[in-house]
Structures are given as C-alpha cells and as structure tokens.
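Have a look at the model below before reading on.

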Amino acid sequence: MTLAIVLAGGTPAAGLTTATGEPLADRIAAQLRRAGADEVRFAATLEELAALADTATGSLLVTGTDLVAHTAVLRHLATSPVGPTVALVLADPPVPGRTAVREERGQITDADAVDALDGDATGVFGGALRVGVDDLPTLAAAARAAAAGMLPIVTPLGPAGDVSPLPPAGGGGPTGSVAAGGPGSAVDRLVAGLAALGTLIFAQRVRLLVAHRVDDAAGLAAAEAAVTAVDEDRAELRLSVKEKDDFFSTYFVSTWSPYVVRLAARLRLTPTGVTVISVLFALAAAVLFGVGGRPALVSGAVLLYLGFVLDCVDGQLARYTRHFSAWGGWLDTMADRVKEYVVYAGLGFGVSHAGLGNGWALAIAAMTLQTVRHMTDTWYGVLHDEAARRPRTTGASGGIGDRLNAASTRVQADTGSLSYWLKRTVVFPIGERWALIALTVALFNPLVSLIAVLVWGALAFAYTGALRTLRARWMWVPVLDTVDATLHRDDGPLARRLPVVRPMGPLTLAVIATLGPAALLVVALLADTPDRLRWVVPVALLVLLVGGLGSGAAHNGPLDWLVPAALRAAEYLFAIAAGVVGGAPGWLIFGYVLVLTVHHYDLTARLEKRQAAPPLHPATLGWEGRSALVTLAAIAGIVSIGLVTLGAYLLVVFVVSVVLAWFVRPARSARASAAPVGAGGVAPR
C-alpha cells in the first residue's frame, strides 16, 4: 500500500488556486491518486508527517503544496525502479528557502541551501519524494528533528559516521548542517534532514515533461501554461528511450523502437513477454548461423538485429507502462547473457561445421572473456556508486586518478560529441557487439565474426581495465567488505575452511590461482597426447586452491573489487583445461562453462536488483568444490561424464532456486500477510 502525504507547512503557495478555481493542494492530492497512491492524507506540520510515517506499512509519497507538474511526473516518482527512496530533482535555478542538491551517478550526495554547497549544486529539490519502507524510521526522525530546528549532521566519515543534533538553522557548522538562509519550507527541511542522516536518496530527473515549484499566482499561471503545452502521452513514449544509450542503440534502434513499444502496449504485451520473444529470435539466429550458407547467415543476421530491437523494447515498454519488478529486471539481465552466449554457440558450431577451424574453442574463449569483463563491470559500478556516497578523504585529490575522473566527467557531460561517442563505443557494449556479429556474419562468415568479437573484446577489456585500475586506486573505496564477500566470491565449504594468508591480500591470491589452470591449458593445447597430463590436473588444482587462502581476509584494498572476476577466470580456465586434457568435445566444455556463467550471473543480477542470495546457493559447492569434482573425473578418465553430470546438477539447482526465490517464497509471503491475525498478533492455525 502506498500512502501519499501533502505537506502544507511553510509554503506561500498553500492558498493558491488553479485556473479552474480548485485549490492547488487539492489538485496535487488528485494527481497523487492518479499516480498510484492508495490513500492521500494532508499534514499541516512535520510532527503530523512523522506520526503518519510511524504507522505506514508501505512506501510513502510526500509532496509540498507548491508543485505544478504533469501527473506522469508523480507516477514516475512513485514507480521509479532506481531505488527505494527517490527525490524529484529539477534543473530550475535555486532560490532562497529551497533545497539545492549535489548529485553524482544518480545519487543525491548532499542536500542543503545553495550557498552551503559551495557552488557544487547540480539541481534543486522538486518538492516531492518517495521514501521506501526501510527508510521510514529515518524519515520520521528527520521530520521531528527538522520540526525542532535541529537537523542532524553526518561527520566527514560519510553515512557510517556519527550523527548528532545541531542548533537551529543559521549556526553554520560542518557538513550536513543548515547554513544561514537554509531551506525554509517543511518539505525542503525534510529532505535536507533525510540526506544529512545519511539516507541513500536517488534522483528522479524531469525530462520532456514539466514540473515547477511556484510561489505566487503569476508563477502558477506560467507553470500551468507550460504543462498544457506538452502532450503527456507523447512525452512518456519518448521518455521510454534511455536518455544516454550506446551509439548503435541510439541511432539504429531507438529511432523507431518507440513505435514497436506503442504497438506492444496496445496488444497488452508485458515486458517479460517481449523478453521471451527476443530470446526466440536469438535462438533462431543461432540455428541459422550453425546451418551456414549465405541465405541462412544473412537471415540470421536480420533476426539477430530484430532480436536486439526487442531486447531494447522490453525495457522501453516497462518504462512506458511503468510495469517494473525485480523479477522482470533479473530475467532481462539473465536473458541478455544467455541469448548472447547461445549466439556464440551457433557461430562456433557454424565454424566447425563449415570446416573453417575449431569454432568451439573460439566460442568458449569469447564467452569466458565476456563473462570476466561483465564481472569487472558489475563490481566497478558498485565501487563507483559507493565512492559517490562517501565524502572524499583529505589528500585524495590530485594525481592521475583525479585527472582521469575529471576528464571522464567532462566527456560524459559533452553529450553527442565525437569524444562522447568514442568513449561509449570503445568499451564494446552489447549493441555494438550484436551489430558487429550481424554485419560480419552476413558479409563474411562465423569465423570472422568470432575473431572480431574476441579482438575488440580483448582491446576493450585492456582499455577499461587500465583506466579503472588507476581510478580505483585514486578512489580507494572498499566494496567487497560492505557485502557478503564469501557469497560473491562464490566460496564453498573448503575455501571457507582454508587458513588465511593476509599479507599477500585476496586479489594477489586470486590472480595466482589463475596461473595453474592457465599453464595447464596452454600445455594441453600444445601437447600431442593431452590425456597423459591428467595426473598434472591435481597440481593445477592445488595452485587454484591458493585463491581460497584469501577467503577469510578483509577485502578492503583499492583493487579487491577485482577478486570475483579473477576467481571466475580461474575456475573457467580450470574447467576448460580439464576438459581438453580429458578429451571432452568442445560443445560439452562450452555447455559446462555456460552453466557456470548462468550461476555467476545470477549472483551479480541479484546484487544489482538488491535481492537476497539464491535459496540453494550452498548446494552449488563453491568454485573450489566444483573444481575438485572435475579433478576427480579427470583422474578417473571420465571428464566428459563428470562435466555432464555436474553441469546437469548445477542447472537443476539453478532452476529450483529460481522457482523458490521468485515464485514459491513470494507466494508464501503473500498468503502469510493476507492471513487473518488472531489474538496477540498471531495468525490462527
């Protein structure tokens, strides 16, 4: 249930009436209902709002009485998937009494009077915010502190720092205090207090639609005219397209995909339904790539392009219809990876089928490279978000990292420039990957396509890896120690029981762990009779297990965010090497590594969607447990049987885990919450 509160305190617009004679506050209340609020209440003071927050059981929408906006603006705020607590941010010039904000990577890192932000303001608070359930106690505390004239302060340690009350506004002070001329209205003081308490607040920007805060009748009339001048539905359709997308998506997909979005909406297709259709297109393209022949290759390229269009449409449809869910986001992420790797399989089979070379080896290499790249992308994103939330420590400015960060910010701000598009294209995003595959396979053959993907992917990995390493050392923000490192390392029972070697650090140990499998793979590929190397597999396993010696160590180094990617590379290389030594067919090795990637993408997708660990995660045995079983199969001379058995087992565990996490457990929770409550607050049996 979503409760909306119209907070009237401290705004000169409280008595304004619209052009139809309706009080502005009443119109805002009606818009909140149309935006999805189940109940709308009015609060005259912050104390009243705090009391309502204390009893709320769902997310809370809070607005002032001075907001003039399209209803879609409030609907987007209410349904925003970026985070539990979101504030409306406008590009209007700041005025006295309004809260200015400093925003980085979509997060509001500071909210205060514009003069208190020392010229670093990036926008102004739009007078409306949505607060997630977990942040409601903080909202109530901020409301009471603001009502008493004692806003909280967070020390320069960041969100985890000490919190203490401040004197009434005007006394100045450290970061988080209210400077002279600080926010005056109740809703402005509320969001400033919420930010000062360290709440993670995401920014909801207004594009194409209209939202303004007004103080008088003239401002109200001008804002109403601006709202009327914009076609709300047409603007929402255009807003379904990402504001900053990659080059290929921007110019070869999003120019016409909104028409498909509108058609899908009229046909009542869901984003999940569109995702399933895009998977079918990719599967058909993979089959045609495997069949070979110019007509099949060209047809496959067309289907691959259309499949990518639908891959964009599912997200655009979700934004247009405001149908967001953690399940849909997780499914979209997983489907993207499976589609791409199935296409690699089709290309690999096509190469081998046409006698052009060992296509499966190239497909395995492309999949392994891309997965390790994705793991670094995920954790670098977590690192960057965490850095945005933490004030920079003294002495952190300057140096090459600072210059790289400033240069990156300048390029990102120069939207549409040559440098902007080069930066977005050189990293080889998914649109460019699919475009490259489609073009090369249609004009040449699957061999050229796989080689092109590998070469561009390796160059992009080297480029992003070098720059991110330099910037990460400058930021020096640990991220793995803020989560369950054992889970995201994918450690099993053996790794958790190994002794800890702290002086070397977990990243160094993880890198060493890759050396044994890498060496074994090289030797196996060069050997005339690789089967003779099966007794070397246990030696490679011992080197691999070195990575487990860092399991219990603190992952707080500036580059320890690379540990999961390094462990993924180590396990994949070991499985590939064992498969080569045991004479397993290329398609079987590919299939086993594909199952491993699905398992690992499940972990990162859950991290990105803020979901709990997979229910059956302990049953996956950990990277070292799976590698030990593969070793036993290699020694016994049954690697193929071992890979098939272990891969099938992991796939079953994954499917059961998905069913439990996304269907069974939510259904049980829904039944439990709907059950009548007996005496003492206990549901009757």
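Predicted model: local features only at pLDDT ≥ 70, side-chain atom pairs only at ≥ 80, totals over all residues.

Residues are numbered from 1 along each chain as its sequence is written, and side-chain values use heavy atoms, with hydrogens and water left out.

**Two helix pairs**

Let's start with α12 (residues 326-353) and α23 (residues 586-608), whose axes sit 9 Å apart at an angle of about 160°. Helices here are DSSP runs (H or I, at least four residues), numbered from the N terminus. Axes are lines fitted to C-alpha atoms over the stretch in contact, and angles run from 0 to 180 degrees between N-to-C directions. The two helices are therefore roughly antiparallel, a label for angles over 145 degrees. The crossing of α12 and α23 is right-handed, meaning that the near helix is turned clockwise from the far one by less than a right angle.

Which residues of α12 and α23 meet? On the α12 side they include Trp330, Met334, Val338 and Tyr341, and on the α23 side Phe590, Leu594, Val598 and Tyr601 are among them. Contact means heavy atoms within 4.5 Å. By type, this contact has 11 nonpolar, 2 polar and 4 charged residues. Nonpolar covers Ala, Val, Leu, Ile, Met, Phe, Trp, Tyr, Cys and Pro; charged covers Asp, Glu, Lys and Arg; the others, Gly among them, are polar.

The other pair is α9 (residues 257-266) with α11 (residues 294-321), where the axes come within 9 Å and cross at roughly 60°. That makes α9 and α11 oblique to each other, and their crossing is right-handed. Among the residues in touch are Pro258, Val261 and Ala265 of α9, with Val309, Val313 and Leu317 of α11. This contact divides into 9 nonpolar, 3 polar and 1 charged.

Lining residues have an atom within 4 Å of a point. Grid points are joined across faces, edges and corners, and a volume is the space filled by probe spheres set on the points.

The whole structure holds 5 cavities of 30 Å³ or more.

| Space | Volume | Lining by type |
|---|---|---|
| Second largest pocket | about 340 Å³ | 14 nonpolar, 1 polar, 1 charged |
| Largest cavity | about 100 Å³ | 8 nonpolar, 4 polar, 1 charged |
| Second largest cavity | about 50 Å³ | 4 nonpolar, 3 polar, 1 charged |

Of the 16 residues lining the second largest pocket, Leu331, Met334, Val338, Val598 and Phe654 lie nearest its centre. Two or more lining residues come from each of α10 (271-291), α12, α23 and α25 (639-674). The largest share, 6 residues, belongs to α12.

The largest cavity has 13 lining residues, and those closest to its centre are His599, Thr620, Leu650, Val653 and Phe654. Here α23 and α25 are the elements giving two or more residues, and α25 gives the most, with 5.

What lines the second largest cavity? The residues are Met375, Trp379, His488, Pro564, Arg568, His600, Leu603 and Thr604. Two or more of them come from each of α13 (359-389), α22 (563-581) and α23, with α23 giving the most at 3 residues.

Conventions: Parallel < 35°, antiparallel > 145°, perpendicular 65-115°, else oblique. 1 Å grid on protein atoms, 1.4 Å probe; cavity = no way out; pocket = protein on both sides within 12 Å on 5 of 7 lines; lining within 4 Å.
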